Amino acid sequence: TRDDEMDGSIEALRKLYREGEEELLREYFEFLRFSSISADPAHREDIRECCGWVEKTLKAMGLDVEVWETPGHPAVFATHLKAGKDKPTVLIYGHYDVQPVDPLEAWSSPPFEPTQRGREVYARGAVDDKGQLIYTFAAIRALLRKTGSLPVNLKVIIEGEEENKSIGLSSYLPQVAGKVKADYLIIPDFGILGRNDPAVTLGLRGLTALTIELEGATTDLHSGMSGGIVYNPNRALVELLAKMHGEDGRVLIPGFYDDVATLSKEERSSLSLDLKREGYDAIKAVIAGQESGFSPGEASTIRPTLEINGLSGGYSGPGFKTVIPAHSMAKISCRLVPGQDPEKINKAITDFIKKTLPAGMRVKITDHGGAPAVWCSAKTPVAQALREAYSEVFGKPCLFTYSGGSVPITSALSEASGAATAFFGVGLMEDAVHAPNERFDLDRMELGFLIVARFFNLIGQK
């Protein structure tokens with residue numbers, strides 16, 4: 001029976017958070033200790049153990065749980081379908097895998113030994129996505145313990161390959177499409193505009209990625225004997241990459257912008273596309289080089305990009321080794337907007353590379369696949385309920401925004417579930433997501449808990 005503490009008010013929910021905070025933090029630190037790096041085969045067992053921890057945790061909360069053995073890493077599927085047929089079904093998606101930790105020497109503490117300094121917890125996955133999942137789990141558990149039920153029917157998917165483009169779940173999803181049907185899909189993997197600036201995310205960019213490998217000889221060569229007569233693959237690679245952008249910041253790949261969608265005046269009117277510079281200033285990052293004619297906020301959310309994510313070739317160790325390397329390599333990725341087809345973009349880049357390749361170079365291009373962008377409506381009940389929850393928790397109006405990031409499975413999962421989709425979270429630029437010293441502060445952990453719990457009450461009434 002619902003008592004006066006469960007009137008759904010923020011203060012009642014805050015009390016629930018405080019009652020379970022010690023348990024939440026213990027589980028948070030346990031979760032962070034798994035080195036669940038999906039991109040590295042050396043961590044396959046760590047992934048498996050982390051999946052088992054998620055399975056056990058959701059079962060202990062009272063959910064019905066099964067593990068999906070996908071062609072890649074396993075995913076956990078859990079349900080609590082006792083609210084009744086007159087109540088909506090909410091599907092929550094998240095991921096237990098994390099990014100690699102390189103460069104390890106840049107970390108101030110070991111990445112898989114969570115360290116608390118003041119109110120901040122440092123570890124890989126601290127915010128992306130383990131921190132945001134933990135407060136989501138805690139909110140579900142608190143409501144179940146207090147009332148024995150939820151205001152909605154609940155489905156949960158937690159996968160282990162989001163940071164590796166959801167390869168396994170993408171191919172497995174058609175087999176379980178009937179199980180994931182829902183009214184609303186929410187993804188707790190995003191952020192707010194500023195520490196005191198709430199925002200619900202309505203859109204995210206798509207992604208595609210390529211590896212370019214150049215070979216100039218079958219072995220490294222002495223740079224004195226062969227310099228000036230043998231084309232250096234490092235030189236060839238940087239010349240090739242330099243031709244992909246113009247001085248105005250635009251991508252010069254033919255056809256790159258052909259299918260780019262733009263926002264209508266109505267869509268733009270409901271969005272905040274301002275960029276909060278404080279997080280960049282804190283890490284001394286210079287905001288420059290964006291596509292001419294667009295603000296930094298627009299360039300980072302509603303325009304496509306091409307970025308060089310990694311370069312290697314030759315000797316980079318201590319001291320000096322005077323060689324012309326046999327091979328050079330670059331990893332590039334594109335963030336895409338609606339209208340752009342990842343396969344079409346990859347083909348355009350591949351054609352450009354082959355046409356522009358310096359003479360004497362042999363090239364190997366590996367297509368790592370991709371996923372399309374997703375833009376959602378601000379008018380759906382799920383977007384409106386999230387906005388109301390944020391507004392009540394922060395005590396101020398909540399805006400809508402778009403994210404420059406990507407969640408590869410979103411388009412396929414939205415289609416399979418048939419659900420109206422929205423994205424949320426309480427991350428910040430200064431959390432160093434995907435970088436050394438990733439961190440999340442415990443004040444925002446509480447805010448996230450309150451948003452999830454209040455959202456369930458609101459969406460259950462719609």
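Predicted model: local features only at pLDDT ≥ 70, side-chain atom pairs only at ≥ 80, totals over all residues.
A residue is called partly exposed here when its relative accessible area falls between the buried limit, under 20%, and the exposed limit, over 50%. Lys344, at 44% relative accessibility, therefore counts as partly exposed.

Lys344 itself meets the side chain of Asp259 in a salt bridge, with 2.8 Å from N to O. Lys344 belongs to helix H9 (residues 342–356), while Asp259 sits in the loop between helix H5 (233–242) and helix H6 (265–269), so the contact ties together parts that are 85 residues apart in sequence. Asp259 is likewise partly exposed, at 33% relative accessibility.

A second pair joins Asp441 to Arg195, again through a salt bridge of 2.8 Å from N to O. Here strand S18 (residues 439–441) supplies Asp441, and the loop between strand S7 (184–188) and strand S8 (199–204) supplies Arg195, so parts 246 residues apart in sequence are tied together. Asp441 is buried, its relative accessible area being 3%, whereas Arg195 is partly exposed at 39%.

Glu446 is buried at 8% relative accessibility, while Arg18 is partly exposed, with a relative accessible area of 47%. Both residues also take part in a network of salt bridges that includes Glu11 and Arg14.

Conventions:
Residues numbered from 1 in each chain as written. Heavy atoms only, no water. Buried < 20%, exposed > 50% of the residue type's maximum accessible area, 1.4 Å probe, protein only. Salt bridge = Lys/Arg side-chain N within 4 Å of Asp/Glu carboxyl O. Helix = DSSP H or I, 4+ residues; strand = E, 2+ residues; numbered from the N terminus.
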